[in-house]
Amino acid sequence: MPTTKTLREGSTRKRAAILSAARELFLADGFDRSSVDAVAARAEVSKRTVYDYFGDKRTLLRAVVDSVGQSLVTTVRRTLDDTLTDLPGAAELEDDLVAFAMRIATDMLGSAEYTTLQRLLRTESGHLPQQDYNPMADTPDEAIAERFAAFAEAGLLDVPDARLAADQFLALTFGVALDRLGSANAAQDPRVRPLVVEGVRTFLRAYRADRGPEVTP
């Protein structure tokens with residue numbers, strides 16, 4: 001008789017296979033033309049197994065989108081750990097923030113996962129739970145806010161509201177690139193980097209702890 005551990009591992013593998021198959025079919029054929037039978041055949045499971053795991057095709061679509069969103073959140077957290085874990089000196093802060101932003105603009109915004117997420121949200125929004133549905137939620141913003149709060153604790157930044165600072169950092173870097181260029185994918189467009197660099201500098205002019213007293217006219 002199979003052990004509980006074996007069943008759990010087998011279930012994880014089947015779930016991953018179903019999600020992978022559904023993702024491929026939704027991208028290639030669209031939601032409406034992708035049948036549960038086709039998903040089951042590609043995943044090499046029974047149709048009943050697909051229904052047992054996900055209930056219906058709409059729930060399966062949301063699970064696909066959620067899994068892609070989680071993959072991107074993982075990329076953000078890994079990039080934070082790679083670039084902003086150690087507290088920089090005041091002189092290195094700009095370089096470290098630029099390095100983080102540029103890694104996001106290449107490793108994440110230039111990834112197949114990000115392209116997949118944007119395409120599914122654009123083409124299948126009518127089959128998702130609500131129009132403002134966001135599979136990444138606020139997780140990346142909160143993760144960045146936590147890092148900014150640590151920088152404030154170390155005396156590098158002056159951020160009374162770390163979440164607001166994170167939102168403004170994202171708007172000044174990626175938001176400006178998206179508005180001006182239609183994309184913040186630095187892997188495809190060299191114009192992204194100067195916008196990101198200037199966004200970081202603008203952010204630091206507002207939030208750097210050693211920026212000095214304001215001069216009133």
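**Close-up 1. Helix α8 passes helix α9 in a right-handed crossing.** This model is predicted. Helix α8 spans residues 162-181, and helix α9 spans residues 192-207. Their axes come within 9 Å and cross at roughly 150°. Angles over 145 degrees count as roughly antiparallel, so α8 and α9 are roughly antiparallel to each other.

**Close-up 2. Residues in the contact of α8 with α9.** From α8 come Leu-164, Ala-165, Gln-168, Phe-169, Leu-172, Thr-173, Val-176, Ala-177, Arg-180 and Leu-181. From α9 come Val-192, Leu-195, Val-196, Gly-199, Val-200, Thr-202, Phe-203 and Tyr-207. By type, the contact holds 13 nonpolar residues, four polar and one charged. In an α-helix, residues three or four places apart point the same way, because there are 3.6 residues a turn.

**Close-up 3. Helix α5 and what covers its buried residues.** Helix α5 runs over residues 93-108 and has 16 residues. From first C-alpha to last it reaches 22 Å, close to the 22 Å expected at 1.5 Å a residue. Its buried residues are Leu-93, Leu-97, Val-98, Phe-100, Ala-101, Met-102, Ile-104, Ala-105 and Met-108. Their cover includes α4 (57-83), α6 (112-123), α7 (139-153), α8 and α9.

**Close-up 4. Thr-49 in helix α3.** Helix α3 covers residues 47-54. Thr-49 has a relative accessible area of 15%. Buried means under 20%, so Thr-49 is buried. Leaving aside neighbours within four places in sequence, Thr-49 is in contact with Lys-14 and Ile-18.

Notes. Residues are numbered from 1 along each chain as its sequence is written. This is a predicted model: local features need pLDDT of at least 70, side-chain atom pairs count only at pLDDT 80 or more; totals for chains, interfaces and linings use all residues. Side-chain values use heavy atoms; hydrogens and water are left out. Axes are lines fitted to C-alpha atoms, for helices over the stretch in contact, and angles run from 0 to 180 degrees between N-to-C directions. Helices (H or I, at least four residues) and strands (E, at least two) are DSSP runs, numbered from the N terminus. Angles under 35 degrees count as roughly parallel, over 145 as roughly antiparallel, 65 to 115 as roughly perpendicular and the rest as oblique. A crossing is left-handed if the near helix is turned anticlockwise from the far one by less than a right angle, and right-handed if clockwise. Contact means heavy atoms within 4.5 Å. Ala, Val, Leu, Ile, Met, Phe, Trp, Tyr, Cys and Pro count as nonpolar, Asp, Glu, Lys and Arg as charged, and the others, Gly among them, as polar. Buried means under 20% relative accessible area, exposed over 50%, partly exposed in between (1.4 Å probe, protein chains only). The expected span of a helix is 1.5 Å times one less than its number of residues.
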